[in-house]
Amino acid sequence: MDLRKIEESVFKFLMLTSVVCVVGSLLFILGTVFIKGWHALSLDMLVKTPQGGYYLGKEGGILNAITGSIVLGIGATLFALVLSLPLAVYLNLYLRKNSRRAFIMRFFLDVLWGIPSIVYGAFGFTVMIFFKLQASLLAAIITVGLLILPIMARSMDEVLKTIPFELTEASFAMGATRLETAMQVVLKQVLGGLVTAVLISFGRGIGDAASVLFTASFTDSLPYSLFKPVATLPLAIFFQLGTPFPEVQERGYAAALVLAILILAVSIAGRLISGKFTRHVLR
Amino acid sequence: MTARTFKEVCAHSLMRTVAGFVISLAFLMAFGLYLRARPILVTKPLEELLFHTVWNPSQGQFGLANFIISTIWVTAIALIIAVPLSVFTAIYLSEYAPAKIRNIARPVVDLLAGISPVVYGVWGILAIVPIVRDYLMPFFSEHLPFFPFASDNYTGFCTLTAGIVLAVMTFPIIISVTEEVVSRVPFELREASLALGATKWQTIKLTVLKKARPGIIAAIILGVSRAFGETMAVLMVAGCAIQGFPRSIFDPAYPLPALIANTYGEMMSVPLYDAAVLLAAFILLLVTMLCNIAGWGILLRTERRGM
C-alpha cells in the first residue's frame, strides 16, 4: 500500500478520534451531572428556600438561588441589551463599512469578550468601594451586564452584517432617516437573530459565578430589593459542594443539574428561535 | 429642525456616547484595578511581589510566585491536551466531515461554550477526580516515579485534573476560530495542490495549514487567555493548597483566579491584603488583554490581507 495513503488514513483516524473526544466530552459532562443529580433532586429543593441549618443537611431548598439567578439574569440581559442594540446599529448603519472607527470598536469588543469574569467581578468590587455600595442585586446586575455586553453586542453585530446594503439603500432613497431605517426596516428583518443573541447572553449571565462572588454576595431569602444581596444558582452549588456533609453535596449535584437544564433549555431555544419571527422578512 | 431630524440627531449622539463608553470600559477596568493595587506597588518592590513564594498576609508577606507558577502549569497542561484535539476536530469539520456530522458537531461546540463553569467544576469533581485518583495517579507513581509525575498527593484534586477540565473549556474557542480560519483558505489553492497529484491530507498539511498557520496560532493564543482566567471550575478541582508551587502534575495547584475568588471574604481584614488580591486581578487583566489583542490582531491582519 502506498505510504501516502497510510499517512492519510492515520491522520483521518486521529481527526475522527478528536471529534469523538469533543462530542463525547459534552455527553460525558451532561451524563455525569444528570446521573448524579437526578436522584438527589426533589420537589422540595425547587419550591422551598433554605430553612435554618440547610447547609448542615436540614430541610429546605434552593428556590432563593433559582429566583435570584433568573432575576439577576433578566436584569443583566436588559442592561446589556440597552447598550448593545444601539452599539450594533451604530456599527452597521451609522459607520461606513470599512471605517476605522468600526474596526476599532469591533476589536475592543472582541478584547473585552476575552477578559475573564473574575476580573469583571474584581472591577465591580472596586467600583462598589468607590461609591461606598454594599454587595447587592444592583451591583451584580451591572457587573454581569458588562460581562455579557461584548457577547451580545458582537452577536448582534454579526446578525446585522447580513442585511444587504440594497435594502438600507432603498430605505434611504425613500427619504427615511438612519434611525427610521434601523427601527422600521432593518431590525424587523433580523428579529429572530437578535432574540437568539439575547438568549445566548442570558444563558451566559446566569451561568457565571466568578463575577457575582464579589458583587452579589449570598442570602437565604428570595430577591426582594435591588439594594440587598441576592443568591445565585452557581454560588449555591459551589457552597453546597464546599460543605463536608455528603447529603448537602448531593443536593449540590442536583442544583448543578437544575442549572445545566436551565442553560441548555435557554441555548437550545435560542438556536431554534432564530428561524422564527419571520413575518416581516423579505425573501 | 423637524421632529424627525431631531430624533435622528439625538439617537446619533446617544449611540456615540454608548460607543465611547464601551471603548473606555477596557481602560476604566485597567485603571480601577491599578488604583486599588497601588498601595502595595508603592510599598513593596515588584520583583518581591512577583518572584517571592511566601504568601502570608497576616505577616505582610505577599509573594505571588506560587500562584503565577500554578496558573502557568494548569494552562500548559490544558493546552497540551486541548490544542491537538481542537485543531484536528476543526480541520476535520471544515475539510472532511459530511454535512451530517458537521450539523451535530457545531451545536455541540456551541453548547460546550455555553455550559456554566460551575457545572464544569461539578463534572470535574464527580468524574475526573476519581479517574485521576484511582487510575492515573497509582499507575504513574508506580511506573514513572520521576519529575513531572512523582507526588505524594493522593486526593485527585491536582494540577492534572484542573488541566483536563480547562482543556474541555478551551475546546470551543480554539475549534471555532481554527475552523473559520481554515475554511477561509481559498479553494483555488486546494485545487492546484490536488491537481499536482497530492492526496487530500498532503494538500491540507502542505497548503491549507501553511496558509492558515497565523490564524491557528491566534486561536491557540485565545485559548491560552481562556484557560488563564478561568476561575470557578479550577477553584473546585485544583486542590488550592498553599504549600509551594506544584512540582508534579499530581500536586495541588493554586492559580491566580482561584486566589482572588477564595480570598474575597477576608481581604479587607489585613492591611494591603486587598491591594495584593486586586494586584492579582490586575495581572490577570493585563495578561488576558495582551493575549486577546495579539490573537484578534493576528486574525484581523490575515483577514485584511484577503487570505
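## Briefing on a predicted two-chain model

Setting aside residues up to four places away in sequence, T203(B) touches R190(B), S193(B), L194(B), A198(B) and V208(B), where contact means heavy atoms within 4.5 Å. This is a predicted model, in which local features need pLDDT of at least 70, side-chain atom pairs count only at pLDDT 80 or more, and totals for chains, interfaces and linings use all residues. Residues are numbered from 1 along each chain as its sequence is written, chains are lettered from A and ligands numbered from 1 in the order in which they are written, and side-chain values use heavy atoms, with hydrogens and water left out.

**Chain A as a whole**

- Chain A has twelve helices and zero strands, where helices (H or I, at least four residues) and strands (E, at least two) are DSSP runs numbered from the N terminus.
- Read along the sequence, the pattern of chain A is therefore α-α-α-α-α-α-α-α-α-α-α-α.
- The C-alpha trace of chain A spans about 70 × 70 × 40 Å along its principal axes.
- Of the 283 residues of chain A, 53% count as buried; buried means under 20% relative accessible area, exposed over 50%, and partly exposed in between, with a 1.4 Å probe and protein chains only.
- Among the contacts in chain A with a separation of 6 or more, 73% are between residues 24 or more positions apart.

- T203(B) belongs to helix α8 of chain B, and its relative accessible area of 3% makes T203(B) buried.
- V186(A) is located in helix α8 (residues 178–189) of chain A and counts as buried at 5% relative accessibility.
- Apart from neighbours within four places in sequence, V186(A) is in contact with L93(A), L160(A), I163(A), T168(A) and T181(A).
- V186(A) and S171(A) are 15 residues apart along the chain, and their C-alpha atoms are separated by 9.3 Å.
- H143(B) is part of helix α5 (residues 117–143) of chain B and counts as partly exposed, with 48% relative accessibility.
- From H143(B) to L50(B) there are 93 residues in sequence and 36 Å in space, C-alpha to C-alpha.

**Helix α3 of chain B**

- Helix α3 (residues 65–96) of chain B has 32 residues and should span 46 Å at 1.5 Å a residue; its end C-alpha atoms are 45 Å apart, which agrees.
- The expected span of a helix is 1.5 Å times one less than its number of residues.
- At A82(B), α3(B) bends by about 30 degrees, and a proline, P84(B), follows within four residues.
- The bend at a residue is the angle between axes fitted to the seven residues ending there and the seven starting there.
- Because 25 of its 32 residues are buried, α3(B) is largely enclosed by the rest of the structure.

**Cavities**

- The structure holds three cavities of 30 Å³ or more.
- On a 1 Å grid over the protein atoms alone, a cavity is a set of points where a 1.4 Å probe fits but cannot get out, and a pocket is an open set with protein on both sides within 12 Å along at least five of seven lines; lining residues have an atom within 4 Å of a point.
- Grid points are joined across faces, edges and corners, and a volume is the space filled by probe spheres set on the points.
- The largest cavity contains about 480 Å³ of space.
- Of the 29 residues that line the largest cavity, R204(A), D208(A), P117(B), R226(B) and E230(B) lie nearest its centre.
- Both chains give two or more residues to this lining from several elements, including α9 (191–207) of chain A and α8 (200–229) of chain B.
- The lining of the largest cavity divides into 17 nonpolar, eight polar and four charged residues; Ala, Val, Leu, Ile, Met, Phe, Trp, Tyr, Cys and Pro count as nonpolar, Asp, Glu, Lys and Arg as charged, and the others, Gly among them, as polar.
- The second largest cavity has a volume of about 60 Å³, and its lining has six nonpolar, three polar and no charged residues.
- Residues lining the second largest cavity include L30(A), A260(A), L111(B) and G114(B).
- The largest share of this lining, four residues, comes from α12(A).

**The second largest pocket**

- The second largest pocket has a volume of about 530 Å³.
- Its lining comprises 25 residues, of which F123(A), T126(A), V127(A), M128(A) and F131(A) lie nearest the centre of the pocket.
- At least two lining residues each come from α5 (117–130) and α6 (137–161) of chain A and from α1 (3–43) of chain B.
- By class, the lining of the second largest pocket has 18 nonpolar, six polar and one charged residues.
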